[in-house]
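Hi,

Here is the structure I promised to pass on.

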Amino acid sequence: MKKWLPLIIIAILAVGLYSWGKGFNNTAVNFKESATKTWANVESSYQRRNDLIGNLVKTVQGAADFERGTLKDVIEARAKATSMNIDPSNLSPEQMAKFSEVQSGLSGALKSLLVTVERYPELKANQNFLELQSQLEGTENRINVARDRFNGSVEPYNKHIKTFPNSLLAGLFNFDAMSYYKAEAGSEKAPDVEFDFK
């Protein structure tokens, strides 16, 4: 019996290590998939905004003397925003910062457009414009919720792979920390623009 004791101990250790590795891996995969899915919801919300802005631009283009420079800025910012794609399985801080910068550029151009609309009573009275603006406001809320949910889903994944002893396996299994969505610097000071279309 004594000669089998080392083999029994090794077998118990091997089973324990396998169970630990399997449990770590499966939990990390589940957390990462959840975060990846919530990132897709963020992108979907931004895509909805881009689509609404496209319709808004078409409506504004109908105003014969509307400032073309303002409209051009929105069209160019929207083109940049729609061309920006991020691989959800590799959300690096650099990619997230670039995405945030491009989306902030579109938000700024849109605010300029909406401020300019104040000088066009026919647009302010246009039912299609009013409906699009209302939908845009709702979409901005959805974007905020989606970003918060994304950050909420990244947290358990990052905690799981960074806490000891899991951190020992994270590198071995190629699990890197995911980046949180952070607003572009200075965006917390962006002015709120309100419109009275009544």
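**What I found**

Ile10 sits in helix α1, which covers residues 5-61 (helices are DSSP runs of H or I with at least four residues, strands are runs of E with at least two, and both are numbered from the N terminus). Before going further, some ground rules: this is a predicted model, in which local features need pLDDT of at least 70 and side-chain atom pairs count only at pLDDT 80 or more, while totals for chains, interfaces and linings use all residues. Residues are numbered from 1 along each chain as its sequence is written, and side-chain values use heavy atoms, with hydrogens and water left out.

**A nonpolar patch**

Ile10 counts as exposed because its relative accessible area is 54% (buried is under 20%, exposed is over 50%, and partly exposed is in between, with a 1.4 Å probe and protein chains only). Together with Trp4, Leu7, Ile8 and Ile12, Ile10 makes up a nonpolar surface patch with about 530 Å² of accessible area. The areas come from the Shrake-Rupley method with a 1.4 Å probe, and for residues only the protein chains shown count as cover. Patch members need over 30% relative accessible area and no salt bridge; like charges are joined within 9 Å, and nonpolar side chains (Val, Leu, Ile, Met, Phe, Trp, Tyr) within 5 Å.

**Aromatic pairs**

How many aromatic pairs does the structure hold? There are eight. For a pair, the ring centres of Phe, Tyr or Trp (its six-membered ring) must lie within 6.5 Å; planes under 30 degrees apart are stacked, those over 60 are edge-to-face, and the rest are tilted.

One of the eight aromatic pairs is Phe24 with Phe175, edge-to-face at 5.8 Å centre to centre and 80° between the planes. This pair ties together distant parts of the chain, 151 residues apart: Phe24 is in helix α1, and Phe175 is in the segment after α6 (166-172). Phe24 is buried at 2% relative accessible area, and Phe175 is also classed as buried, at 10%.

Trp39 and Phe99 are another edge-to-face pair, with 5.2 Å between centres and 65° between planes. Here the link runs from helix α1, which holds Trp39, to helix α3 (residues 93-117), which holds Phe99, 60 residues apart. Both Trp39 and Phe99 are buried. They also belong to a cluster, joined through ring pairs, with Tyr46, Phe150 and Tyr181.

**Salt bridges**

A search of the whole structure gives three salt bridges (a side-chain nitrogen of Lys or Arg within 4 Å of a carboxyl oxygen of Asp or Glu).

- Arg49 and Glu140 meet through their side chains at 3.1 Å, N to O. The bridge connects distant parts of the chain, with Arg49 in helix α1 and Glu140 in helix α5, 91 residues apart. Arg49 is buried, with 1% relative accessible area, whereas Glu140 is partly exposed at 27%.
- Glu76 bridges to Lys72, with the closest N and O atoms 3.5 Å apart. Because they are four residues apart in helix α2 (residues 68-83), about one helical turn separates them. Glu76 is partly exposed at 42%, and Lys72 is partly exposed at 49%.
- Lys159 and Glu155 meet at 3.1 Å, N to O. Both lie in helix α5, four residues apart, or about one turn. Glu155 is partly exposed, with 36% relative accessibility.

As background to the two bridges within helices, an α-helix has 3.6 residues a turn, so residues three or four places apart point the same way.

At the start of α5, a side-chain oxygen of Asn126 comes to within 2.8 Å of the backbone nitrogen of Asn128.

Finally, Ser104 lies in helix α3 and is partly exposed at 26% relative accessible area. From Ser104 to Lys124 is 20 residues in sequence and 25 Å in space, C-alpha to C-alpha.

Cheers

Conventions:
A polar contact is a pair of N or O atoms within 3.5 Å; within protein, one must be able to donate a hydrogen and the other to accept it, and residues adjacent in sequence count only if both atoms are side-chain atoms.
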